[in-house]
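Dear colleague,

Please find below the structure that I am handing over to you. My notes on what was found in it follow directly after.

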Amino acid sequence: MRQPLDGLDPAAAGSAPQLVALLRELRAASGLSIREISRRAKDRGDWLPTSTLAAVLNRDSLPRAEVVAALVRACGGDEAAVDAWLAQRARIAAADVADTGHAPRQLPPAPHAFTGRERELRLIDEHVRDTAPRAAVIAGPAGIGKTALALHWAHRALDAFPDGQLYVDLRGFSGADPLAPAPVLHRFLAALGTAAEEIPADGDERAAMYRSLLSHRRVLVVLDNAHSPEQLRELLPGTGGSTALITARTDLLGLTATHGVPHLRLAPLTREESMDLLGAMVGRDRLATDPEAAMGLAAACGDLPLALRLAACQTLAHPEQPIGDLRDRIARSPLASLDLPGDEAAGLRSCLDLTRDRLDPAERRALNAIGLHPATEFEPAGIAALTGAEAADAEAALHRLAGVHLAAPTAEGRWSVHDLVRAYAREQAADLPEKEAALGRLYDWHLAAVAGAWNPLFGVGPEVTPETAVPAPAFPGPGEALQWLDARHSALTETIRHAAAGGAHWHAGRLAAAMWPYQNLRGLHAEALGGLEVALDADRSLGDRRHEVTVLRRLGDTHRSLGDLDEAERRLTEARDLAVELGDQRARLLSVAALGWCRLRRWRLAEARACAAEAAEGFRELGETDLEVNAFDDLAHIDLLIGDHESAASGFERSAKTFADLGWTQNLASALAGLARVRLRSGDPGTASELLERALDAYGKAGDEHGRAVSRARLAQARACLLERDDAVALAERALDAIAAIPSTEVRLEVLNAAGFAYINLGEAATAERLHREAVDLAEAAPDPYEEARARHGLGLALLARGDEDGALAQWGRSLRLHESLGTYERGELAALVDRTHRLWSELPGSAA
C-alpha cells in the first residue's frame, strides 16, 4: 500500500499557499479524516485540535511549525520527513521576510523582575491559538501589570513570530487624546517596509494594505493602553498567522461581540508573587532582614505590580531605611486607597508622590516640565526650554528619572513616560507660577525648529523665527528637514492644539502657519486644514487681520487641494477682500493668483489666465520680481493647455531660470516638467527627456513624490518616442506602482494617461487600452473632463491599433467634444485625427461611402 508521503516533496513548495496545498494532498493520501488525524496526533503527544487543522488546511497562510510537524507525524511520517517539511517551511518564512527586507523589532525590553502570572500566560497561549483573528485583550485597572504581562509573553514567544514585532502605546488613558488608527497604521506600514509616499491617505485603504502585509507573515502586534473597540478594529490582523495582543484599562467587549476576541482580566498578584517581585527588585537578603515588614509592605501596596515597583525604588534609593518604616509610611498615606474600586488614579498619585520626594531639584523640574509638555513624546531640548536648563542637563535629568521608572527613551532621541506618570506630573505642574513663561519658551523652540526647515525645503525664509536659549536643530539639507518633521508631525499638531486651548493664540497661529508648507508638500491636507482653522481662530482672537489674510489664503489653497472648490473660492475671496480693506496690495495679488488656480480647476481658462495676468502685472508694479515670475509660470501652464506653445515655452524658460537662482526646487521642477511637455508636443522627445530628468531630480530634492510619479510617467512617454523600450517600460511601471498609494486623483490620472501613451508608442496596445480605460472611469467619477478627454484620445489609439475603427472614432468624438468645451489645445489635433481616419477608412475597398 502506497504511503501517503510517497511522491510528496515539500521542497516543491515555493510559497505558503503551495505548502498548504501539499499538506492537503498529504491528508487526502492518508485516507484519514481530520478527526482521526487529530486523535493520532494526540496519541503521539502532539497538539493538533480538529478546529486548528481544519483552519490551516482551508487557508493559504503559512502554518505554524508545530502544526506541520504534528500533521506529518500523524500521517505516518518519520522524524526525517518531519525535518524535511519543517526545513521547507522555514525557507518559505525567511523568503517572505526577505521579499520586503523588513522584520520590525519594536518591542520594548522585557520587563525586569517579572514574576508570577503563570495561569494568565497559559490563557494567552490558548486565546491566540484558538481565535480568528488571532488576538486577546488583557484588561484591568491601572498598575495591575497589563503591559508587563504582555511584553513578558511577547518576548517568551519571539520564536513564534519570525517576521517581526510591532508595538504602539495607544494612549487610551494618558491625559492626551487617544491615538487614532490612521497614524498608527502609518507607523506600522512604515515599519513593515512601506515607503512614506506609498502609504495611502485614505483610512480604509491604509487598513487594507496593513492586513495584506500581515496576511502572509507571522508578526506579533502589541497594542498597548487601548481606549475603545473603535480604536482597535482597523489594527487587528486579518487572516494568517499574525497575532495582536491588546492591553486596556477597561473591558473591550465590543471586540468580543464583533470579532470574537477573548478577554483576560488581571487580578492583583498573590502575596507570594508580590514577595517574589520585591525580592527580585531589592534583593532577597534585604527582605530577610525583616520578612514580616516586607509582607506588610506588599499588603500596603495592594499587591499591585506598579505600586510594588515604586516602593522597591524607594527602598533602593535609601538602603539605610528600614523596610518597616517604608511600610508604615505607605500604610498611613493615601496609597491605601488603591483598594478602593474605581479610584486607582488617586492612590497611584500618592505612590508617585513618594518617588518625587526623593528627586533632586533638577529632576523635579524635569518632571514638572514633562507635566507641562503637551505632546506624548518629547525630547530633551523641549524639556530644557521648559525648565530653562541646558539641553545636556535636561537629558541627564531624564536619564535619572528613567532610573526610578518615571521616564523612558523611545526612538531617535525622544522620550516618553507612562500615562499615569504623565497624569501625576501634570497635576504637579498645574499651579507652577512660571507655567506660562515656560510654555512660551517651549512654543518658541518648536516654532524656531519648524522655521529652520523652511530654507532647506523651500528656498525661502520663514514668516518668523523666535529667539531661543535652547538651540533649534540645524538641517544641512531638505532630507534632514523632512526626516525631522515627519517624525514629529503628530507632536507638533498636539502642541498647536495645546497652545490654542491655553490661550497662547499667537504661538498657535504662527506654528500652524509655519507647518502648512510642509504639510502641503507631504499631501497632509486634512491635517493642514485642522491647523489652519486653529490659526484662523487665533488670529481673530488677537485681532491680527494681516496674518488672517495669509491664513485665509492658505485655507483656500488647502480646500482646493482637497477638491472643495466652492469652499476654496469662498476663503480666497475673503482673503482678497480683507487685503483690499487693509490696503495690502501684495496680499491681494497673492489671493487673485490663488483664485486663478481655482478657475483653472473649473476649466474656466480665460478667467484663470486673467487672474494670472493681473497678478503678474501687479507684482511687476510692486517690484516683487520673484512673485512676478511665479505668476508668469502660472500663465505658462495655462498657455500650455490652450496651445500657445511659444508663449508657454518662453514663460517656462524664464521661470525655470529664476527658480533655479532662488533655490525654489519644487517650483523649478514644475517649470521644467511644463517645458518638457512643450518640447514633447513639438516633436522633440530628446530635449523633453533631458528636461524631465532634471525635473525628477528637483522633485526628489524637494521631497515631492507626487511630482516624481508624474514626471516618471511623462519621461516614459518621451523615451517611448525615442524607442528606448526598456527605459520606457521601467519608468512607466515605477510610476504606476507609486500611484497605488497616492490618494490624489489628479496625480493618478496624469500617470495613467502618460503611461498609456507611452505603451501606445511602444506598440503595446492592450496595456495602453487597460490604462486608458482605468483613467476614463476615474476621470468620469472625479470628474476631470480634461484628463477624461486625454484618456479617450489614448483609448481611441489603442482601439485603432487592434482594428476597431468604429470604437476609435467613437472615443475620439467624445474626446473632441470635451476638448472643444474646455478650449484646450488637443481639440485641433483630435479634429485632424478624426478627419484623417474617416478619409482613410472610406478609401478602403468595400467601405461605405
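**Findings**

At a relative accessibility of 7%, Thr376 falls under the 20% limit and therefore counts as buried. This residue sits in the loop that joins helix H18 (361–372) to helix H19 (380–387). Thr376 and Leu578 are separated by 202 residues in sequence, and their C-alpha atoms lie 38 Å apart in space. Please keep in mind throughout that this is a predicted model.

**The chain as a whole**

The chain contains 41 helices and seven strands. Its C-alpha trace spans about 105 × 90 × 40 Å along the principal axes. Of its 849 residues, 54% count as buried. The accessible surface amounts to about 35000 Å², and carbon and sulfur atoms hold 51% of that area. Among the contacts with a separation of 6 or more, 65% are made by residues 24 or more positions apart.

Helix H22 covers residues 435–451. Most of H22 is covered, as 13 of its 17 residues are buried.

Helix H28 (residues 565–582) has 18 residues. From its first C-alpha to its last, H28 reaches 25 Å, which is close to the 26 Å expected at 1.5 Å a residue. Leu578, mentioned above with Thr376, is one of the buried residues of H28. As a general point, an α-helix has 3.6 residues a turn, so residues three or four places apart point the same way. The buried residues of H28 pack against helix H26 (525–542), helix H27 (545–561) and helix H29 (585–601). Just after H28 comes Gly583, with a positive phi of about 70 degrees.

**Around helix H6**

Arg117 lies in the loop between helix H5 (79–100) and H6. Although Arg117 is not a glycine, its phi is positive, at about 65 degrees. Its relative accessible area is 4%, so Arg117 is buried.

Glu120 belongs to helix H6 itself (residues 118–130). Glu120 is likewise buried, because its relative accessible area is 10% and the limit is 20%. Which residues is Glu120 in contact with, leaving aside its neighbours within four places in sequence? They are Leu149, Leu264 and Leu266.

**The second largest pocket**

The second largest pocket has a volume of about 500 Å³. Its lining is made up of 18 residues, and those nearest its centre are Leu680, Arg681, Gln717, Phe757 and Glu829. Two or more lining residues come from each of helix H33 (665–681), helix H35 (705–721), helix H37 (745–761), helix H39 (785–801) and helix H41 (826–843). The largest share, five residues, is given by H33. By type, the lining divides into nine nonpolar, three polar and six charged residues.

Leu723 is found in the loop between H35 and helix H36 (725–739). Phi of Leu723 is near 65 degrees, which is a positive value in a residue other than glycine. Is Leu723 buried or exposed? With 68% relative accessibility, against a threshold of over 50%, Leu723 counts as exposed.

Ala730 is located in helix H36. Its relative accessible area is 48%, so Ala730 is partly exposed. Ala730 and Ala713 are 17 residues apart along the chain, with 9.7 Å between their C-alpha atoms.

Finally, Pro783 lies in the loop between helix H38 (765–781) and H39. The peptide bond that leads from Ala782 to Pro783 is cis, with omega near -15 degrees.

With kind regards

Conventions: Residues are numbered from 1 along each chain as its sequence is written. This is a predicted model: local features need pLDDT of at least 70, side-chain atom pairs count only at pLDDT 80 or more; totals for chains, interfaces and linings use all residues. Side-chain values use heavy atoms; hydrogens and water are left out. On a 1 Å grid over the protein atoms alone, a cavity is a set of points where a 1.4 Å probe fits but cannot get out, and a pocket is an open set with protein on both sides within 12 Å along at least five of seven lines; lining residues have an atom within 4 Å of a point. Grid points are joined across faces, edges and corners, and a volume is the space filled by probe spheres set on the points. Helices (H or I, at least four residues) and strands (E, at least two) are DSSP runs, numbered from the N terminus. Ala, Val, Leu, Ile, Met, Phe, Trp, Tyr, Cys and Pro count as nonpolar, Asp, Glu, Lys and Arg as charged, and the others, Gly among them, as polar. The expected span of a helix is 1.5 Å times one less than its number of residues. Buried means under 20% relative accessible area, exposed over 50%, partly exposed in between (1.4 Å probe, protein chains only). Contact means heavy atoms within 4.5 Å. Accessible areas come from the Shrake-Rupley method with a 1.4 Å probe; for residues, only the protein chains shown count as cover.
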